[in-house]
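Open the model in your viewer and keep the selection tool at hand.

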Amino acid sequence: MLASLPQELETRFADLFGRPAEIVVRAPGRVNLIGEHTDYNDGFVFPCAIERSIWMAASPRSDGQVRAYSLNFGQSSTFSLNTIEKTQNPSEAWSNYLRAIAAILQKEGVALSGLDVVTYGTVPIGAGLSSSASMLVAAGLMYTSAVGEEIDLKRLALLSQRAEREFVGVNVGIMDQFISALGKRDHALFIDTRTLDYEAVPLPASGVQIVIADTNKKRGLVDSEYNNRRSECEQAVKILKGFLPSITALRDVSIAEFEQYAHALPEVVCKRARHVISENTRVLESITALKSGDIALFGELMNASHESLKDDYAVSCSELDALVTASRSVEGVFGSRMTGAGFGGCTVSLVADSAVNAFQEQVPALYQQATGLETTIYTTKAEQGAERIR
Ligand code: ADP
Ligand code: MG
């Protein structure tokens with residue numbers, strides 16, 4: 001179905017607008033393999049793009065209007081590039097991403113053309129696989145392609161982040177947009193969120209799959225707890241600065257330094273800092289492990305990341321823990337951890353090809369026994385980032 005998706009989208013475009021689509025783009029969702037809650041501490045993350053994308057087919061209009069139709073929502077939305085405002089109409093809320101990135105591109109001096117647009121996505125919506133970043137990155141690529149501008153993908157990521165922050169109003173980090181724009185097939189991206197330097201690290205070409213499982217638990221606490229964690233990390237930096245004057249973020253503190261000065265931190269702050277500092281180290285170790293072909297060690301580091309998020313950072317929940325426990329009980333699973341902000345959302349597991357069927361058979365039943373909930377499972381390889389197809 002995926003392979004024929006661009007053609008289907010073009011057919012729907014022609015049906016709706018009575019002319020062919022001149023431009024087709026896609027941008028993928030993402031999963032973070034390791035490096036959680038490190039981004040707002042200037043630290044390291046290691047995500048890959050997944051084999052689920054948001055697609056957009058478009059052709060220019062000469063009247064400065066954007067007329068868009070979402071196949072997922074079965075809704076249309078129209079706005080003028082001259083006066084872009086956030087829509088308050090819930091049935092058009094999805095178009096705020098199309099509005100947001102257009103507004104930011106124009107602010108940056110890119111002269112845009114009006115467009116007819118049809119969009120369809122296979123990134124699960126609101127599951128923590130970043131459908132919102134896919135929308136922004138795909139739309140940014142579409143708008144710039146339509147005026148013949150070849151946008152630098154790092155710039156596209158930064159502008160998409162700004163769009164989500166300034167226009168949509170969600171205080172996101174850079175990881176989601178970055179990986180959606182710059183992901184590389186069969187690789188994960190080691191990103192330094194301070195410098196935005198990055199390195200594509202090959203994942204095993206065969207033998208393992210990335211398996212994502214959704215707890216299907218409605219997330220409640222995320223926003224308030226997220227803000228608490230941020231301020232606990234800031235508090236840790238403030239206190240540790242008394243001993244290490246040159247630090248500006250937890251990223252700057254080594255494990256040895258942390259152990260030396262941990263006594264000065266209040267108990268909870270100490271645990272939060274220990275997660276961030278040890279998680280940064282785990283990202284570095286996991287990359288070394290991958291480069292030397294040691295998948296077993298990579299899996300152990302994923303497991304250790306989960307324990308740290310659960311015990312020190314306190315952002316897991318009983319559903320995530322149950323899903324991780326169920327996943328690890330399957331033979332051939334190298335490692336399993338929560339991924340994303342926590343309190344619900346998805347787990348990510350590294351699974352031997354030969355064990356993927358067993359995973360799909362056993363994990364849903366075990367998870368249901370433990371929680372009464374159903375899980376949704378997505379298997380994927382690392383996919384290429386945003387691209388123009390036509
Ligand atoms: P996620 O974790 O998936 O990023 P968000 O709440 O940040 O969840 O973003 C989800 C929103 O993005 C949706 O409510 C919708 O407005 C928009 N969106 C996601 N996928 C699509 C799609 N395929 N078509 C239109 N809008 C979409
Ligand atoms: Mg999002």
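Where does Thr-38 lie, in a strand or in a loop? Select Thr-38 and you will find it in the loop between strand S1 (23–34) and strand S2 (44–61). Keep in mind throughout that this is a predicted model.

**Stop 1: Thr-38**

Is Thr-38 buried or exposed? Its relative accessible area is 0%, and because buried means under 20%, Thr-38 counts as buried. Now show what touches Thr-38: leaving out residues up to four places away in sequence, the list is Gly-43, Phe-44, Val-45, Thr-193, Val-276, Glu-279 and Asn-280.

**Stop 2: Ala-68**

Next, select residues 65–70, which form strand S3, and pick out Ala-68 within that strand. With a relative accessibility of 2%, Ala-68 is buried too.

**Stop 3: ligand 1**

Now centre the view on ligand 1, which sits in the second largest pocket. There are 16 residues around ligand 1, and those that come nearest are Asn-72, Gly-126, Gly-128, Ser-131 and Ser-132.

- Ser-131 places a polar side-chain atom 2.6 Å from an oxygen atom of ligand 1.
- Gly-128 has a backbone N or O atom 3.1 Å from an oxygen atom of the ligand.
- Gly-121 also uses a backbone N or O atom, 3.5 Å from a nitrogen atom of ligand 1.

Of the 570 Å² of accessible area that ligand 1 has on its own, the protein covers 80%.

**Stop 4: helix H10**

For the last stop, select residues 318–328, helix H10. How many of its 11 residues are buried? The count is 8, so the helix is mostly covered. Highlight Glu-319, Leu-320, Asp-321, Ala-322, Leu-323, Val-324, Ala-326 and Ser-327 to see these buried residues. Then bring in the elements they pack against: strands S8 (208–214), S9 (333–339) and S10 (346–352), together with helices H9 (295–311) and H11 (356–371).

Note on methods
Residues are numbered from 1 along each chain as its sequence is written. Chains are lettered from A and ligands numbered from 1 in the order in which they are written. This is a predicted model: local features need pLDDT of at least 70, side-chain atom pairs count only at pLDDT 80 or more; totals for chains, interfaces and linings use all residues. Side-chain values use heavy atoms; hydrogens and water are left out. Helices (H or I, at least four residues) and strands (E, at least two) are DSSP runs, numbered from the N terminus. Buried means under 20% relative accessible area, exposed over 50%, partly exposed in between (1.4 Å probe, protein chains only). Contact means heavy atoms within 4.5 Å. A residue is near a molecule or strand if one of its heavy atoms lies within 4 Å of it. A polar contact is a pair of N or O atoms within 3.5 Å; within protein, one must be able to donate a hydrogen and the other to accept it, and residues adjacent in sequence count only if both atoms are side-chain atoms. Accessible areas come from the Shrake-Rupley method with a 1.4 Å probe; for residues, only the protein chains shown count as cover. On a 1 Å grid over the protein atoms alone, a cavity is a set of points where a 1.4 Å probe fits but cannot get out, and a pocket is an open set with protein on both sides within 12 Å along at least five of seven lines; lining residues have an atom within 4 Å of a point. A molecule sits in a cavity or pocket if more than half of its atoms lie within 2 Å of its grid points.
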